[in-house]
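Student: I have a structure on my screen and a lot of terms in my notes. Could we go through what the terms mean here?

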Amino acid sequence: MKKILYTLLATVSGLVLLFSYRTSLDAVTPTDASAATATTGGAATTTDTGASGTGTTSGTSSTAGTGLADGTYTGTSSQTRYGPVQVQITVSGGQITDAQAVDYPNSNGRDRQINGTAIPRLVSETMQAQSSKIQMVSGATYTSGGYLSSLQSAIDQAQS
């Protein structure tokens, strides 16, 4: 009788834990800049050297509704468990018109398999959201985290 009772309690406990586990979490992003700086004038080129890499920007100062200056911005390289991830965005008309992962883990077959699926999804989400408030890709947690960090760095540069 005790075995049956223990088995039943263990099964109920396991089911409660299973159904209470959150399988999809919102992406946690670095703090967004609360206000964009509007600038006018000619061409601008800056270099931002962070603890984990170098970010460069170039373009003309022109802002639209999003507060992003036109140009190409490369976020700082974000070191992940499997290697660095670095994102480059192109802004035109104040909108992100292109996003690319210029550096990401691809040294072995498994990295190429995971990131071959994850990077296009992250890029697509970036284009739709026009911000770093995007969903992380399940199965590519480290790459997603590095992508979000570098993307936010690039966006911060575009807002300066």
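Student: Is the crossing of H2 and H3 left-handed or right-handed?

Tutor: The crossing of H2 and H3 is right-handed. Keep in mind as we go that this is a predicted model. The two axes come within 11 Å and cross at roughly 35°.

Student: What makes the contact of H2 with H3, residue by residue?

Tutor: On the H2 side there are Asn115, Ile119, Leu122, Val123 and Thr126, and on the H3 side Thr143, Ser144, Tyr147 and Leu151. Sorted by kind, these residues divide into 5 nonpolar, 4 polar and no charged.

Student: Let's step back for a moment. How many helices and strands does the chain have?

Tutor: There are 3 helices and 6 strands. Along the sequence they follow the pattern α-β-β-β-β-β-β-α-α.

Student: Why is tyrosine 73 called buried?

Tutor: Set the value against the cut-off: buried means under 20% relative accessible area. Tyrosine 73 has 5%, so tyrosine 73 counts as buried. You will find this residue in strand E3, residues 71-74. In the chain as a whole, 33% of the 160 residues count as buried.

Student: Which residues have the most contacts inside the largest nonpolar core?

Tutor: They are Tyr73, Ile89, Val91, Tyr147 and Leu151, in a core of 23 residues. Strand E5 (83-92), strand E6 (95-103), helix H2 (109-129) and helix H3 (141-159) each supply at least two residues of this core. The largest share, 6 residues, comes from H3.

Student: What is valine 91 in contact with, leaving aside its neighbours within four places in sequence?

Tutor: Valine 91 is in contact with Leu68, Ala69, Asp70, Gly71, Tyr73, Ile96, Thr97 and Ala158.

Student: How far apart are tyrosine 73 and leucine 151 in sequence and in space?

Tutor: They are 78 residues apart in sequence and 9.3 Å apart in space, C-alpha to C-alpha.

Student: Why is the pair of tyrosine 82 and tyrosine 142 called edge-to-face?

Tutor: Two values matter here. Ring centres must lie within 6.5 Å to pair, and planes over 60 degrees apart count as edge-to-face. For tyrosine 82 and tyrosine 142 the values are 5.5 Å centre to centre and 70° between the planes, so the pair is edge-to-face. A search of the whole structure finds 1 aromatic pair.

Student: Which parts does the pair tie together?

Tutor: Tyrosine 82 lies in the loop between strand E4 (78-80) and E5, and tyrosine 142 in helix H3, so the pair ties together parts that are 60 residues apart in sequence.

Student: Why are both tyrosines called partly exposed?

Tutor: Partly exposed is the range between buried, under 20%, and exposed, over 50%. Tyrosine 82 has a relative accessible area of 46%, so tyrosine 82 falls in that range. Tyrosine 142 has 39%, so tyrosine 142 is partly exposed too.

Student: What about glycine 145: where does this residue lie?

Tutor: Glycine 145 lies in helix H3. At 31% relative accessibility, glycine 145 also counts as partly exposed.

Student: One last question: what is the phi of glutamine 130?

Tutor: Glutamine 130 has a positive phi of about 55°, although it is not a glycine. Most residues other than glycine have a negative phi. Look for glutamine 130 in the loop between H2 and H3.

Definitions and conventions: Residues numbered from 1 in each chain as written. Predicted model: local features only at pLDDT ≥ 70, side-chain atom pairs only at ≥ 80, totals over all residues. Heavy atoms only, no water. Core = buried A, V, L, I, M, F, W, Y, C linked by side-chain atoms within 4.5 Å. Buried < 20%, exposed > 50% of the residue type's maximum accessible area, 1.4 Å probe, protein only. Helix = DSSP H or I, 4+ residues; strand = E, 2+ residues; numbered from the N terminus. Contact = heavy atoms within 4.5 Å. Phe/Tyr/Trp six-rings, centres within 6.5 Å; stacked < 30°, edge-to-face > 60°. Axes fitted to C-alpha atoms, helices over the stretch in contact; angles between N-to-C directions. Left-handed = near helix turned anticlockwise from the far one by under 90°. Nonpolar A, V, L, I, M, F, W, Y, C, P; charged D, E, K, R; others polar.
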